[in-house]
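Dear colleague,

Please find below the structure that I am handing over to you, together with its sequence. My notes on what was found in it follow directly after.

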Amino acid sequence: QVQLVESGGGMVQPGGSTRLSCELSGLDQRYYIIGWFRSAPGKEREGLSCINNSDDSTNFAASVKGRFTISNDHSKNAVYLEMTSLQPDDTALYYCALTYRMRGGCSIRPESYQSWGHGTQVTVSS
């Protein structure tokens, strides 16, 4: 069974940056899409970004476009989310997720994904 493990969370000061990692194992298909999502207490899960490992095409939510960057290290089966200019509103539990089922590009709709990691907490505070 595919497994996804996030890491890199922690405390960040406003205006700071951090890099989250999503390590993949148990992949059983050649092509897949990875999405990054976040959730905070009392809020709906928010799709942030996604990457298609076939062509490295990406999408970003308007709330993070220009601040967050997603990338794929094919040799390590890892996907990264680089986050800059972080603000307190970015405080959340960050998840990566995988789907084999989308064709062309990628989606940041949570319902499009089948496998989820447990998340890594990012807290932005001074």
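I begin with the disulfides. Cys 22 and Cys 96 are joined by a disulfide in which the sulfur atoms are 2.1 Å apart. Please bear in mind that this is a predicted model, and that the values in this message were computed from it. The torsion about the S-S bond of Cys 22 and Cys 96 is about 75°, and the disulfide is therefore right-handed. Because Cys 22 belongs to strand β3 and Cys 96 to strand β9 (residues 92-99), the pair ties together parts that lie 74 residues apart in sequence. Cys 22 and Cys 96 are both buried.

A search of the whole structure finds two disulfides. The other one joins Cys 50 and Cys 106, again with sulfur atoms 2.1 Å apart. The link of Cys 50 and Cys 106 is right-handed, with 80° about the S-S bond. Cys 50 sits in strand β5 (residues 46-52) and Cys 106 in the loop between β9 and β10 (115-116), so this pair ties together parts that are 56 residues apart in sequence. Cys 50 has a relative accessibility of 0% and counts as buried. Cys 106 has a relative accessibility of 11% and also counts as buried, because the cut-off is under 20%. When the bonded cysteines of the protein chain are numbered in sequence order, the pairing reads 1-3, 2-4.

I turn next to the sheet. Four strands form an open sheet in the order β1-β3-β8-β7, and their pairing is antiparallel. β1 (3-7) and β7 (68-73) are the edge strands; each has a single partner strand, so one side of each is left without a neighbour in the sheet. On average, neighbouring strands of this sheet are turned by 15° against each other, direction ignored.

Within this sheet, β1 and β3 pair in the antiparallel sense over five bridges. In this pairing Leu 4 stands opposite Leu 24 in β3. Strand β3 (residues 18-25) also pairs with strand β8 (residues 78-83), in the antiparallel sense and over six bridges. Here Glu 23 has Ala 78 of β8 as its bridge partner.

The two faces of β1 may also be of interest to you. In a regular strand the side chains alternate between the two faces of the sheet. In β1, Leu 4 and Glu 6 make up the covered face, whereas Gln 3, Val 5 and Ser 7 make up the uncovered one.

Which residues does Leu 81 touch, not counting residues up to four places away in sequence? They are Thr 18, Arg 19, Leu 20, Trp 36, Leu 48, Ser 49, Phe 68, Thr 69, Ile 70 and Tyr 94.

Finally, I come to the aromatic residues. The count comes to four aromatic pairs. In one of these pairs, the rings of Phe 37 and Tyr 113 have their centres 5.1 Å apart and their planes at 75°, so the pair is edge-to-face. This pair links distant parts of the chain, since Phe 37 is in strand β4 and Tyr 113 is in the loop between β9 and β10, 76 residues apart. Phe 37, at 0% relative accessibility, counts as buried, and Tyr 113, at 6%, counts as buried too.

The rings of Tyr 113 and Trp 116 also form a pair: their centres are 6.4 Å apart and their planes stand at 65°, so this pair is edge-to-face. Trp 116 is partly exposed, with a relative accessible area of 25%. Phe 37, Tyr 95, Tyr 113 and Trp 116 form one aromatic cluster.

With kind regards

Definitions and conventions
Residues are numbered from 1 along each chain as its sequence is written. This is a predicted model: local features need pLDDT of at least 70, side-chain atom pairs count only at pLDDT 80 or more; totals for chains, interfaces and linings use all residues. Side-chain values use heavy atoms; hydrogens and water are left out. Two strands pair if DSSP finds at least two bridges between them. Axes are lines fitted to C-alpha atoms, for helices over the stretch in contact, and angles run from 0 to 180 degrees between N-to-C directions. A disulfide is a pair of cysteine sulfur atoms within 2.5 Å. Buried means under 20% relative accessible area, exposed over 50%, partly exposed in between (1.4 Å probe, protein chains only). Contact means heavy atoms within 4.5 Å. Rings of Phe, Tyr and Trp (its six-membered ring) pair if their centres lie within 6.5 Å; planes under 30 degrees apart count as stacked, over 60 as edge-to-face and the rest as tilted.
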